[in-house]
Amino acid sequence: MNNKPYTKMKRLSSSFSAVIAIALLFSLTPASADSHEKFVQCLYDYPENISISSVVYTQTNSSYTSVLDVSIQNLRFFNATSKPVVIVTPLVVSHVQASIICAQRHGLQIRTRSGGHDYEGLSYVAGIPFVVVDLIKMREIVVDVENSTAWVQAGATLGELYYTISQKSNTLGFPAGVCPTVGVGGHISGGGYGFLMRHYALAADNVIDVHIVDVNGKLLDKKTMGDDLFWAIRGGGGASFGIVVAWIVKLVPVPSTVTVFRVPRLVEENATGIIHKWQRVASKLNESLTIRINMARVNSSQSGNLTVQAQFESLYLGRVDDLIPYLQKNFPELGLVKEECTEMSWIESILFMGGFTNGESTDVLLNRTQLNGLSFFKAKSDYVRDPIPDVGLEGLWPFFFEDEAQNAFVQFTPYGGRMDQIPESETPFPHRAGNIFHIQYGVSWFEKGDVAAQRHVNWIRRLYNYTEAYVSKNPRSAYLNYRDLDIGVNNKGHTSFSQASIWGFKYFSNNFNRLARVKTRVDPRNFFRNEQSVPPLVVKGRK
């Protein structure tokens, strides 16, 4: 692995050792009316912070609003009343270190943003005085084809990572998410899955090393942070433990030609029966094949009436001539034919699954704005261990005919394969063997106002309540990267472990206990905190 980027980071941060030692003498101080001014002055006073003034934005700065809004991905939080008092867009690690030390000194909380896709806006919204450290300018990527690795800064997007890999090799890929505008920093730290998951597991499972700035302002790597912290930030959410500034990841082999398909089946065309069979085979199919289902309402092309469509989307790491006979034998109910499939390169499959037009240039992956624009959005998640009976599926369909479901979806993603082979304690991400598929529920709307928002949020809550009988129990599990504050929140700054357990065991199962022990060791005063951050077992040194 090329160590030059890390060497550069270490050199830029070395001069901080003395000032960090002094800064540690300061306790977490309550914010005052002029805290943001003192924070900014603190940044300017730190040594080796040349050019930091060009990346600091207070609310009086003419660029403040555009800098804040550029990475907001959910209109629910576009005009939030709670805005950061300062935004810092670091160019180098020393800017991150200074932000952490100065925020502690002057009683300001930090929220870290890489792509801005937090479903509840926690990377840029808070109920107390806070600073956003936006990593948008720290997005360097170095691909090492010979060693099948990549060094990627946390502000890069998945699209930028995929694009850079494809420029170096057409037979290397990375197992992460479908949406190209998602930031690498948060995605990997929460797990990160996509169409390669059944073959290569999660993004977090393919991390070789990570560079993180801790609560003391120190830049750590795998060796210096120790096994426990390295374990915690690969699926436990990096924002609870520090600011991740770069990942070193293992790239995975992909064939030069893969096969994709996207085939719709309506309820009138036995979609229920096909899903019935899918639930029993999808997690047991060859791990080179992933078939997920997107369910939504559509207008029937035959009658013109509203109906429910199940769209089967798939990536197969092989040729179509091998795929068709395999599915005819193992999943004939789908009725897939060769004409519904397309062979392409792996990077082209990224565009296909991302909803881009066929033949579009891979340059679109460098665009950090969403393909279909922004909407108001709310999501939830579940894990399923036993097939949902037909009566359960049939009870799901009426929800799609309600007014609020015009832009709603339910997505089933199969597990099995490599996910069954990794122990649930290997990383904080516990959803391994025994889960046959994962559910994401989503609803979007464009109508402004609290009344419209409440209608749509209530709709998805009722849907979530309906499926309770058919999903995992004790706990009812959820996926950290599909953040959902409905399942529990921390009190502002005073969260106990027992209170946080309400949501913590849903995301992490029994791994939550170990995460809290790690937090106790690396951040005992609970500086890095938000509405769903891992708390220490006992908060020390704070009142």
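1. In what follows, axes are lines fitted to C-alpha atoms, for helices over the stretch in contact, and angles run from 0 to 180 degrees between N-to-C directions. Helices (H or I, at least four residues) and strands (E, at least two) are DSSP runs, numbered from the N terminus.

2. This is a predicted model, in which local features need pLDDT of at least 70 and side-chain atom pairs count only at pLDDT 80 or more, while totals for chains, interfaces and linings use all residues. Residues are numbered from 1 along each chain as its sequence is written, and side-chain values use heavy atoms, with hydrogens and water left out.

3. Helix 3 (residues 35–45) packs with helix 5 (residues 93–105) at an angle of about 140°, the two axes lying 9 Å apart. That makes helix 3 oblique to helix 5 (angles under 35 degrees count as roughly parallel, over 145 as roughly antiparallel, 65 to 115 as roughly perpendicular and the rest as oblique). On the side of helix 3 the contact (heavy atoms within 4.5 Å) is made by Phe39, Cys42 and Leu43, and on the side of helix 5 by Ala98, Ser99, Cys102, Ala103 and Arg105.

4. An open sheet is formed by 7 strands in the order 15-12-14-13-17-18-16, with antiparallel pairing (two strands pair if DSSP finds at least two bridges between them). Strand 15 (341–344) and strand 16 (376–384) stand at the edges with a single partner strand each, so one side of each is left without a neighbour in the sheet. The twist averages 20° from one strand to the next.

5. Helix 15 (residues 450–466) packs on this sheet and touches strand 16, strand 17 and strand 18, and its direction makes about 160° with that of strand 18.

6. Strand 17 (residues 408–414) has 6 of its 7 residues buried, so it is largely enclosed by the rest of the structure (buried means under 20% relative accessible area, exposed over 50%, partly exposed in between, with a 1.4 Å probe and protein chains only). Strand 17 runs antiparallel to strand 13 (residues 289–299), to which 3 bridges join it, and Phe412 is the bridge partner of Ile293. Strand 17 and strand 18 (residues 437–445) also run antiparallel and are joined by 7 bridges, with Thr413 standing opposite His438 of strand 18.
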